[in-house]
Amino acid sequence: MASTTSFCTSPFHTGISYNHHHRTPLPSSTSILTFTSRSPTSLRSSIHRPAVVAAASNAVEVEKPAASKSPAKILPFRVGHGFDLHRLEPGYPLIIGGINIPHERGCEAHSDGDVLLHCVVDAILGALGLPDIGQIFPDSDPKWKGAASSVFIREAVRLMHEAGYELGNLDATLILQRPKLSPHKEAIRDNLSLLLGADPSVVNLKAKTHEKVDSLGENRSIAAHTVVLLMKK
């Protein structure tokens, strides 16, 4: 039997082009597939895929920027949040913002347990995209045993300036049931501003009780939250 030849579009187009006057199949502008009646299952194909080649070429072009590492984006400002909590136990000093607060309980911690300064350090480190205070000053290192937290905050401030930023403003909230911090708030804020090298007008401090709920409300712990805004110099 003589071979017959049919023309069809690529697998993405199911139609066949015909000249309706002469019933002569016309090749489409897309791929041409040749079949023989002698061997129905065999496929002789000469497939031209300019579109596929172009797509592949485009894919390579898209991947190039992903392969190349661009420098870190310099942001005009950065925001960081810090949180810290310590147990309150008898026999320890209660130090908040570098100020010794008279109380029958204090923070049990590896360093001096200053919950406010630890919180501020974490906020600054977070804004800079750096590891937290526990990684930079691990409590497994004996040299930080009983260390003043002012050491940690000075290092955080140094890293902030090294990165080209300065403090825009800081807002901190202390959470504890006792003692009342109203008589000590100005001294705490002034000392914190001094450690940060910032004007007191950009440092805000609030104190809240925990309405006698859980360990904070039962005078068994103290916590702090801090948000900082760093501005590019």
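Biologist: Is C107 buried or exposed?

Modeller: This is a predicted model, and in it C107 counts as buried because its relative accessibility is 3%.

Biologist: And C119, buried or exposed?

Modeller: C119 is buried, with a relative accessible area of 0%.

Biologist: How many disulfides does the structure hold?

Modeller: Zero disulfides are present in the structure.

Biologist: Let us turn to the surface. Which residues form a nonpolar patch there?

Modeller: The nonpolar patch on the surface is formed by F77, V79, V227 and M231. Together these residues have about 340 Å² of accessible area.

Biologist: Which strands each supply at least two residues of that patch?

Modeller: Strand β5, which spans 77–90, and strand β11, which spans 221–232, each supply at least two.

Biologist: Where does F77 lie?

Modeller: F77 lies in strand β5.

Biologist: Why does F77 count as partly exposed?

Modeller: F77 has a relative accessible area of 46%. Partly exposed covers values between the buried limit of 20% and the exposed limit of 50%, so F77 is assigned to that class.

Biologist: A change of topic: the backbone. Which residues does a cis peptide bond join?

Modeller: A cis peptide bond joins R178 and P179, with omega at about -5 degrees.

Biologist: Where is P179 placed?

Modeller: P179 is in the loop that runs between β9 (165–175) and α5 (185–196).

Biologist: What is phi of K212?

Modeller: Phi of K212 is near 60 degrees, which is a positive value in a residue other than glycine. K212 is located in the loop between β10 (203–208) and α6 (214–217).

Biologist: Is K212 buried or exposed?

Modeller: K212 counts as exposed because its relative accessibility is 66%.

Biologist: What about D214: what is its phi?

Modeller: D214 also belongs to the residues other than glycine with a positive phi, here near 50 degrees. D214 lies in helix α6, and at 38% relative accessibility D214 counts as partly exposed.

Biologist: Now the aromatic rings. How many aromatic pairs does the structure hold?

Modeller: The structure holds zero aromatic pairs.

Biologist: Which ring does the charged end of K232 sit over?

Modeller: The charged end of K232 sits over the ring of Y165.

Biologist: How far is that charged end from the centre of the Y165 ring?

Modeller: The charged end of K232 is 4.8 Å from the centre of the Y165 ring.

Terms used:
Residues numbered from 1 in each chain as written. Predicted model: local features only at pLDDT ≥ 70, side-chain atom pairs only at ≥ 80, totals over all residues. Heavy atoms only, no water. Patch = residues over 30% accessible without salt bridge, like charges linked within 9 Å, V, L, I, M, F, W, Y side chains within 5 Å. Areas by Shrake-Rupley, 256 points an atom, 1.4 Å probe, with all protein chains shown as cover. Salt bridge = Lys/Arg side-chain N within 4 Å of Asp/Glu carboxyl O. Helix = DSSP H or I, 4+ residues; strand = E, 2+ residues; numbered from the N terminus. Buried < 20%, exposed > 50% of the residue type's maximum accessible area, 1.4 Å probe, protein only. Phe/Tyr/Trp six-rings, centres within 6.5 Å; stacked < 30°, edge-to-face > 60°. Lys NZ or Arg CZ within 6 Å of the ring centre and 35° of its normal. Disulfide = S-S within 2.5 Å.
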